[in-house]
Amino acid sequence: MSRSLEDARDEIRETDRMMAELFQKRMKAVRDIAAYKKEHGLPVFDEQQEKRVLEHNISFITDDTLRQYYLSFMKAAMAVSRQYQEHLIKGDDSGKPETGQLPET
């Protein structure tokens, strides 16, 4: 018998909580990378590095049906990271996301 809808939602809530913690941890590292890039005059976007990250990280996904979804997820995470780096390096609102607000209820 499958688990209840509420049990599945509880698992998603707990996973989302863990992902929020990991997001903050990731963005702290992104902040350090932005500082390095600013200091050394490096561009925010490094296509080869992003390709290496995707190729490496895809190996963590054992469910073949989820690989393309994971790639989309990681590409979105990298886009957010680039936006944050742009914001930090330029010191203005150029890298702030447009849609960072909660939906109306």
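This is a predicted model: local features need pLDDT of at least 70, side-chain atom pairs count only at pLDDT 80 or more; totals for chains, interfaces and linings use all residues.
**A nonpolar core and the helices around it**

The largest nonpolar core is made up of seven residues in all, namely Leu-54, Ile-58, Ile-61, Tyr-70, Leu-71, Met-74 and Met-78. The largest share of this core, four residues, is supplied by H3.

The chain as a whole holds three helices and zero strands, and its elements, read from the N terminus on, follow the order α-α-α. Of its 105 residues, 16% count as buried, while the accessible surface of the chain comes to about 8800 Å², with 56% of that area belonging to carbon and sulfur atoms. Where contacts in the chain join residues at least 6 apart in sequence, 56% of them link residues at least 24 apart.

Two packed helices are described by the angle between their axes together with the distance between those axes. For helix H2, which spans residues 47-57, and helix H3, which spans residues 67-90, the packing angle is about 145° and the axes are 11 Å apart. The crossing of H2 and H3 is right-handed. On the H2 side the residues that meet H3 are Glu-50, Val-53, Leu-54 and Asn-57, and on the H3 side their counterparts are Tyr-70, Leu-71, Met-74, Lys-75, Met-78 and Arg-82. Sorted by class, this contact of H2 with H3 has six nonpolar, one polar and three charged residues.

When neighbours within four places in sequence are left aside, Ser-81 is in contact with Arg-26, Met-27 and Val-30. Is Ser-81 buried or exposed? Ser-81 counts as buried because its relative accessibility is 4%, and the cut-off for that class is under 20%. Ser-81 also illustrates how positions separated along the chain can lie in space, for Ser-81 and Ala-29 are 52 residues apart in sequence, with a distance of 9.7 Å from C-alpha to C-alpha.

Key: Residues are numbered from 1 along each chain as its sequence is written. Side-chain values use heavy atoms; hydrogens and water are left out. Axes are lines fitted to C-alpha atoms, for helices over the stretch in contact, and angles run from 0 to 180 degrees between N-to-C directions. Helices (H or I, at least four residues) and strands (E, at least two) are DSSP runs, numbered from the N terminus. A crossing is left-handed if the near helix is turned anticlockwise from the far one by less than a right angle, and right-handed if clockwise. Contact means heavy atoms within 4.5 Å. Ala, Val, Leu, Ile, Met, Phe, Trp, Tyr, Cys and Pro count as nonpolar, Asp, Glu, Lys and Arg as charged, and the others, Gly among them, as polar. Buried means under 20% relative accessible area, exposed over 50%, partly exposed in between (1.4 Å probe, protein chains only). Accessible areas come from the Shrake-Rupley method with a 1.4 Å probe; for residues, only the protein chains shown count as cover. A nonpolar core is a set of buried Ala, Val, Leu, Ile, Met, Phe, Trp, Tyr and Cys residues joined through side-chain atoms within 4.5 Å.
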